[in-house]
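Biologist: Can you walk me through this one? I keep seeing labels, and I'd like to hear what stands behind them.

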Amino acid sequence: MPSPKAVAVTVSVVAAAVLSPGTALAASSPSPQDITWMKTSAAGDLFEIQGGRMAQTHAHSAAVKQFGARLVADHTKSLGSMKKLAAQMKVTLPTAPDSKERAELARLSSLHGAAFDKQYVKTEISDHKMDISDAKKQISTGSNRQVINEARKDLPVLQAHLKLAEQTQSKVG
């Protein structure tokens, strides 16, 4: 049986290894992948907020309007959380959706009624599938524990949005 001193030394060595800044999941500076995910996620939140607001004025279906309102609420919350994390890590987030997302918003803004409903929901299904894939990748291969936890927190919300988008699509065609 090891002496109490040997146990204490072993515990100290293990604790030092687990808490060491060199440990992959230590609360360290975010990696380039972490930063890319943070920026992409924030730009995506901005896209969802703007698109959801647009749904309030362009959609015909009450289900699409409700879906858009849910996206505004949830992605506003997500963006607020990401802004706090980014400030702690000194990461500058985008203040607008990316160019592809801006082009899609422009396209959606030219549609109204049933045409908007169908395209908006189709866009949201595609976008949320990509967002879910990105969040899963960040969870499995990210470096910074705080950023990984942010992705873990976002994932079930994104999955719920995808399910809701698919249900909404069945109502609008």
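Predicted model: local features only at pLDDT ≥ 70, side-chain atom pairs only at ≥ 80, totals over all residues.

Biologist: OK, so why is Tyr120 called buried?

Modeller: Tyr120 has a relative accessibility of 0%, and the label needs a value under 20%. Therefore Tyr120 counts as buried.

Biologist: What makes Phe116 buried or exposed?

Modeller: Its relative accessible area is 0%, and exposed would need over 50%. So Phe116 is buried.

Biologist: Why is the pair Phe116 and Tyr120 called stacked?

Modeller: A pair of aromatic rings is described by the distance of the centres and the angle of the planes. For Phe116 and Tyr120 the centres are 5.2 Å apart, and a pair needs them within 6.5 Å. Their planes sit at 15°, where stacked asks for under 30 degrees. So the pair is stacked. The structure holds two aromatic pairs, and Phe67, Phe116 and Tyr120 form one aromatic cluster.

Biologist: How do you know that Phe116 and Tyr120 are separated by about one helical turn?

Modeller: Both belong to helix α5 and are four residues apart, so about one helical turn lies between them.

Biologist: Which residues touch the most other members of the largest nonpolar core?

Modeller: Val64, Phe116, Tyr120 and Val121, out of 20 residues in that core. Two or more residues each come from α2 (32-58), α3 (62-89), α4 (99-109), α5 (113-141) and α6 (145-172). The largest share, six residues, comes from α5. Beyond four places in sequence, Phe116 touches residues including Met54, Ala55, Val64 and Leu108. There's also a second, separate core of 14 residues, with Met38, Met89, Leu93 and Ala151 among them.

Biologist: Leu93 lies in the loop between α3 and α4. What makes Leu93 buried or exposed?

Modeller: Leu93 has a relative accessible area of 16%, and the limit is under 20%, so Leu93 is buried. Leaving aside neighbours within four places in sequence, its contacts include Met38, Ala42, Met82 and Ala86. Ser41 is 52 residues from Leu93 in sequence, yet 9.3 Å from C-alpha to C-alpha.

Biologist: And what lines the largest pocket?

Modeller: It takes 28 residues, of which Gly44, Asp45, His75, Asp127 and Asp131 lie nearest the centre. The lining divides into eight nonpolar, eight polar and twelve charged residues. The space inside is about 570 Å³.

Terms used:
Residues numbered from 1 in each chain as written. Heavy atoms only, no water. Core = buried A, V, L, I, M, F, W, Y, C linked by side-chain atoms within 4.5 Å. Buried < 20%, exposed > 50% of the residue type's maximum accessible area, 1.4 Å probe, protein only. Contact = heavy atoms within 4.5 Å. 1 Å grid on protein atoms, 1.4 Å probe; cavity = no way out; pocket = protein on both sides within 12 Å on 5 of 7 lines; lining within 4 Å. Points joined across faces, edges and corners; volume = space filled by probe spheres on them. Nonpolar A, V, L, I, M, F, W, Y, C, P; charged D, E, K, R; others polar. Phe/Tyr/Trp six-rings, centres within 6.5 Å; stacked < 30°, edge-to-face > 60°.
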